[in-house]
Amino acid sequence: VVVTHRGAGAMARTQIERLRVAPGSRVLLMASVSFDAAFWELCMGLLSGACLEIDERDALLPGPTLAALVRDRGVTHLTLPPAALAVMPPGSLPAGTTMVLAGEACPPALVRASARDRFLVNAYGPTETTVCATMSAFQHADGPLAPDRTVSIGAPVDGTRVHVLDDRLEPVPPGVVGELYVAGEGVARGYHGRAALTASRFVADPFDRAGGRIYRTGDLARWTADGALVYVSRVDD
């Protein structure tokens with residue numbers, strides 16, 4: 001996937017503004033460099049002026065060892081899938097830690113157990129949209145704003161537009177499931193050396209009079225009444 005400098009810059013702005021990454025932050029490199037999440041973490045640390053914390057793979061396995069690493073290194077920001085957070089010992093991550101959950105659906109019970117005294121967001125995005133397309137606000141562990149049946153994937157990140165469309169590329173109303181399309185600065189140029197696949201996934205944006213493109217994610221989603229996105233499933237599930 002060929003992403004652009006413009007998309008990387010938009011992603012870095014999102015990290016700085018929404019996740020409050022700053023020169024005093026310490027970002028943990030959790031993902032393998034073969035995975036797009038590593039690009040997300042590298043940019044979060046290096047493009048914000050923060051410190052990028054790196055360690056051996058064994059030290060990054062979810063559990064007591066990872067919790068000790070976060071505490072000992074003073075890590076302020078880490079990105080991990082919900083399944084990894086679920087196996088961390090309760091209360092083992094320091095208060096004030098910012099956690100970005102991504103890569104799979106997030107159970108509401110996990111938010112209620114982990115968001116107290118910590119900053120937790122739920123994020124979504126394919127590589128084709130420069131890793132992150134939408135992100136929730138900081139989650140609440142309890143009270144009326146705590147998640148009940150679903151955890152939303154939030155709203156578009158900086159420079160990004162998202163649409164939930166039907167088979168005719170028409171917007172669907174809140175509560176109705178449609179396919180999720182992403183447009184804006186983060187949309188990649190396409191797949192290197194695969195023109196046919198690029199043409200099938202990066203299509204003309206029906207909402208852009210300037211002739212831009214929009215990425216067809218293959219994911220189903222719906223809008224909530226208050227304007228948040230909820231991931232439903234893959235189109236081919």
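1. Asp142, at 46% relative accessibility, counts as partly exposed, a class that lies between buried (under 20% relative accessible area) and exposed (over 50%), computed with a 1.4 Å probe on protein chains only. Arg116 falls in the partly exposed class as well, at 41%. Asp142 and Arg116 form a salt bridge in which the closest N and O atoms are 2.8 Å apart, a salt bridge being a side-chain nitrogen of Lys or Arg within 4 Å of a carboxyl oxygen of Asp or Glu. Because Asp142 sits in the loop between β6 and β7 (155-156) and Arg116 in the loop between α5 (108-114) and β5, the pair ties together parts that are 26 residues apart in sequence. Helices (H or I, at least four residues) and strands (E, at least two) are DSSP runs, numbered from the N terminus.

2. A word on the basis of these values: this is a predicted model, in which local features need pLDDT of at least 70 and side-chain atom pairs count only at pLDDT 80 or more, while totals for chains, interfaces and linings use all residues. Residues are numbered from 1 along each chain as its sequence is written, and side-chain values use heavy atoms, with hydrogens and water left out.

3. The domain assignment gives domain 1 (5-155) and domain 2 (158-234), with bounds that come from an automatic or database domain assignment. The centres of the two domains, taken over C-alpha atoms, are separated by 24 Å. Across the boundary, 18 residues of domain 1 are in contact with 19 residues of domain 2, where contact means heavy atoms within 4.5 Å. About 1600 Å² is buried between domain 1 and domain 2, and carbon and sulfur atoms give 56% of that area; buried area here is the accessible area (1.4 Å probe) that two parts lose on being put together, summed over both. On the side of domain 1, Tyr124, Glu128 and Ile153 lose the most area to domain 2, together 32% of what that side buries.

4. Between domain 1 and domain 2 the count is two salt bridges, together with a count of nine residue pairs in polar contact, both residues at pLDDT 80 or more. A polar contact is a pair of N or O atoms within 3.5 Å; within protein, one must be able to donate a hydrogen and the other to accept it, and residues adjacent in sequence count only if both atoms are side-chain atoms. The largest share of the side of domain 1 that touches domain 2, seven residues, comes from α1.

5. Glu185 deserves a look at its partners. Glu185 forms a salt bridge with Arg13, with the closest N and O atoms 2.9 Å apart, and the side chains of Arg6 and Glu185 also meet in a salt bridge, at 4.0 Å from N to O. Arg6 is exposed, with a relative accessible area of 57%.

6. A search of the whole structure finds ten salt bridges. One of them joins Asp205 and Arg161, the closest N and O atoms being 3.0 Å apart; Asp205 lies in the loop between β10 (202-204) and β11 (213-223) and Arg161 in strand β8, so this pair ties together parts that are 44 residues apart in sequence. Asp205 is buried, at 5% relative accessible area, whereas Arg161 is partly exposed, at 37%. Salt bridges that share partners also join Arg26, Glu53, Asp55 and Arg73 into one network.

7. Helix α2 (residues 36-46) is largely enclosed by the rest of the structure, because eight of its eleven residues are buried. The buried residues of α2, among them Trp40, Cys43 and Met44, pack against α1 (5-18), β1 (26-28), β2 (51-53), β3 (77-80), β4 (98-101) and β6 (134-135).

8. In helix α3 (residues 64-73), Leu66, Ala67, Leu69 and Val70 are buried. Seen down the axis of α3, these buried residues fall within an arc of 160 degrees, so they line one face of the helix; the arc is that of the directions from the helix axis to the C-beta atoms. The face turned away from the buried side of α3 carries the exposed residues Pro64 and Asp72, while β1 and β3 are included in what covers the buried residues.

9. Thr130 has a positive phi, near 55 degrees, although Thr130 is a residue other than glycine. Thr130 is placed in the loop between β5 (119-124) and β6 and counts as buried, at 2% relative accessibility.
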